[in-house]
Amino acid sequence: MQSDYDVIVVGAGPGGSWAAKTAAEKGAQVLLLEKDREVGVPVRCGEAIGTASLRAVCEPEPLPRGIANGISGAVLVAPNGREVVLDWGQEVGAILDRKVFDYELSLMAAAQGVEIRTKAYVYDVIRNGANGNGSISGVRVQHLGKNYDVRAKIVIGADGIESRVGRFAGLRTFTKLKDMESCMQVTLANVTNIDRRYIYLLFGREVAPGGYLWIFPKSETVANVGIGISGEYARHKSAQRYLQEFIDRRFPKAAAVYTVVGGVTCAPTLEKIVADGVMLVGDAAHQINPMSGGGIVTAMLAGKIAGRVAAAAIARDDFSSQSLEPYAQEWHAAQGKNHERLYKIKQAVYKFTDDELNRTAEAVLAKKPEERTLINVFKAALIRHPSLIFDVLKVFMS
Amino acid sequence: MIGVINDKCDFCGTCVAVCPFDAIDLYEARIAINQRCTDCMLCVWICPVETLALIDEQGKMTPRAAAEFTA
Ligand SMILES: Cc1cc2nc3c(=O)[nH]c(=O)nc-3n(C[C@H](O)[C@H](O)[C@H](O)COP(=O)(O)OP(=O)(O)OC[C@H]3O[C@@H](n4cnc5c(N)ncnc54)[C@H](O)[C@@H]3O)c2cc1C
Ligand code: SF4
Ligand code: SF4
């Protein structure tokens, strides 16, 4: 580890690796720091992605290794058990092996000359100025029992949901209780009666209030089975209890081979994601799709933009928030605006009673199979919220 | 005071993200509540696996839903 870099990226998740790779590609000297002993572990994720958007964010690179299973449809299960099958007739998504995927992304960053350290916990930032409240000029890191001060022109906080880089920089990063999905997931072996081509999403007050329960098949007999419930409901009954009840009922014989606990911020992007010498990327910036809870590809997209803007700022020798602001603007145009719309839609949908959800399922089932598309599901669901249909159309058009 | 049942904790950071007072320190496999804590309960409610609890002066634990909602 040197004492000085152009860019330090904190956190080697998909957002961090992709930011580091892109910045290095564009000529910056980059250090990537990860607190855990291994990139990719622990996995805190359902591992579902859309293939087209992953391909787009990887370009011109090929898709990384770590794809476990292709997905060509979704089964939406209403509270009364009625199933709406949306079959796209071709592979549109995939379930990843994130252990492999995240690791691959970090190797792709390393191939561009990024220096990487694991077991490197960033516990503070270095500030300019005599009284220590000036702009940020590096990080304090605990690495294998020793503390180091490492300087950088730009610090990118890609440090996930628990992000502290943002807080160190004085940005308001905490998540409102109602916008936090309290999650738990187990990877189950010996699951029966699932079709590996489909993901399953179960809705309802008894199943997953203010969220959904998912079954994401990784093979014929192995699936990620997880749940996210809104913090509003989690205070009455924990995610763990909801999930256990479901598994006891649906997969009593299955073996749990991986247990994960976590949170997903389902909110619009933070108002400020740049400060002098600082950028936030991925979960740290609340860049998760607030409707689906998917944040892998969006973190990579944000990382790609941030890495490019950071390298350009270094070339200009200007690391002020103004110089980094194009990152925020480009993100807003690419996804941030969409997330605002999806957040509005989510707020309406997650308030639905079981009756409304059941009615929506019936309305979609009344259509011909070829008309059972995601957009028509939204249209049926929001029949009493016409103003939101416009947002749905906008989201699907972009 | 907020108590942590450390062997239940998965060190996932969800509580850190909702704490409005930056009162939780999370390491690779250790979690600690610092003196900025105001006993607001948000972390207790959000923890997916019921790792946290409010403990009163007598050492009694408050069940998660019983405390008043202040968010
Ligand atoms: C239960 C669950 C299911 C999910 N399912 C899906 C899904 O199916 N599809 C999907 O797209 N998304 C899903 N998500 C969301 C997805 O996992 C995240 O959005 C994604 O991982 C965000 O990537 P990131 O790079 O921003 O952060 P992360 O992947 O969280 O990476 C952050 C990294 O920073 C490190 N770090 C943190 N603090 C420090 C520090 N101080 N010093 C050094 N390193 C630090 C962490 O150890 C971590 O490795 C799910 C999330 C959960 C919790
Ligand atoms: S939310 Fe619960 S499991 Fe996660 S770090 Fe906090 S106390 Fe631990
Ligand atoms: S009780 Fe409130 S202030 Fe204390 S650690 Fe939990 S969330 Fe933070």
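Modeller: What follows starts with chain B and its ligands and then moves to chain A. Keep in mind that this is a predicted model.

Chain B has 71 residues, of which 51% are buried. Its secondary structure consists of two helices and five strands, and the order along the sequence is β-α-β-β-α-β-β. Among contacts in chain B between residues at least 6 apart in sequence, 43% join residues at least 24 apart.

Ligand 2 has 13 residues around it, and the closest are B:Cys9, B:Asp10, B:Cys12, B:Cys15 and B:Cys47. By class, that shell holds nine nonpolar residues, three polar ones and one charged.

The shell of ligand 3 is made of B:Ile2, B:Cys19, B:Phe21, B:Ala23, B:Ile24, B:Cys37, B:Thr38, B:Asp39, B:Cys40, B:Met41 and B:Cys43. These residues divide into nine nonpolar, one polar and one charged.

B:Glu50 is twelve residues away from B:Thr38 along the chain, and their C-alpha atoms are 19 Å apart.

B:Asp22 leads over to the other chain. This residue sits in the loop between helix H1 (14-18) and strand S2 (24-26) of chain B. Its relative accessible area is 17%, under the 20% limit, so B:Asp22 counts as buried. Leaving aside residues up to four places away in sequence, B:Asp22 touches B:Asn34 and B:Arg36 in chain B, and A:Arg164 and A:Arg167 in chain A.

Chain A has 398 residues, and 56% of them are buried. It contains eleven helices and 18 strands. The radius of gyration of chain A is 21 Å, close to the 21 Å that the globule rule gives for 398 residues, so the chain is as compact as a globular protein of that length. Along the principal axes, its C-alpha trace spans about 65 × 45 × 45 Å. Of the contacts in chain A with a separation of 6 or more, 69% are between residues 24 or more positions apart.

A:Lys218 is in the loop between strand S14 (212-217) and strand S15 (223-230). At a relative accessible area of 13%, A:Lys218 is buried. Its contacts beyond four places in sequence include A:Glu47, A:Asp97, A:Thr187 and A:Arg196. A:Val274 is part of strand S17 (residues 274-275) and is buried at 3% relative accessibility. Outside its sequence neighbours up to four places away, A:Val274 touches A:Leu171, A:Met279, A:Ser321, A:Leu324, A:Glu325 and A:Tyr327.

Helix H10 (residues 374-381) of chain A has A:Asn376, A:Val377, A:Phe378, A:Ala380 and A:Ala381 buried. The cover over these buried residues includes strands S5 (73-77) and S6 (83-87) and helices H8 (321-349), H9 (354-365) and H11 (386-397) of chain A.

Some backbone details remain. A cis peptide bond links A:Val41 to A:Pro42, with omega about -5 degrees, and A:Pro42 is in the loop between strand S2 (30-33) and strand S3 (48-50) of chain A. Another cis bond joins A:Glu59 and A:Pro60, with omega about 5 degrees; A:Pro60 lies in the loop between helix H2 (51-58) and strand S4 (67-71) of chain A.

A:Lys119 has a positive phi, near 50 degrees, without being glycine. A:Lys119 is in the loop between strand S8 (115-117) and strand S9 (120-127) of chain A and is partly exposed at 35%. A:Asp317, also not a glycine, has a positive phi of about 60 degrees. A:Asp317 lies in the loop between helix H7 (296-316) and H8 of chain A, and its relative accessible area of 57% makes it exposed.

Note on methods:
Residues numbered from 1 in each chain as written. Chains lettered and ligands numbered in written order. Predicted model: local features only at pLDDT ≥ 70, side-chain atom pairs only at ≥ 80, totals over all residues. Heavy atoms only, no water. Near = heavy atom within 4 Å. Nonpolar A, V, L, I, M, F, W, Y, C, P; charged D, E, K, R; others polar. Helix = DSSP H or I, 4+ residues; strand = E, 2+ residues; numbered from the N terminus. Rg over C-alpha atoms; globule rule 2.2 N^0.38 Å. Buried < 20%, exposed > 50% of the residue type's maximum accessible area, 1.4 Å probe, protein only. Contact = heavy atoms within 4.5 Å.
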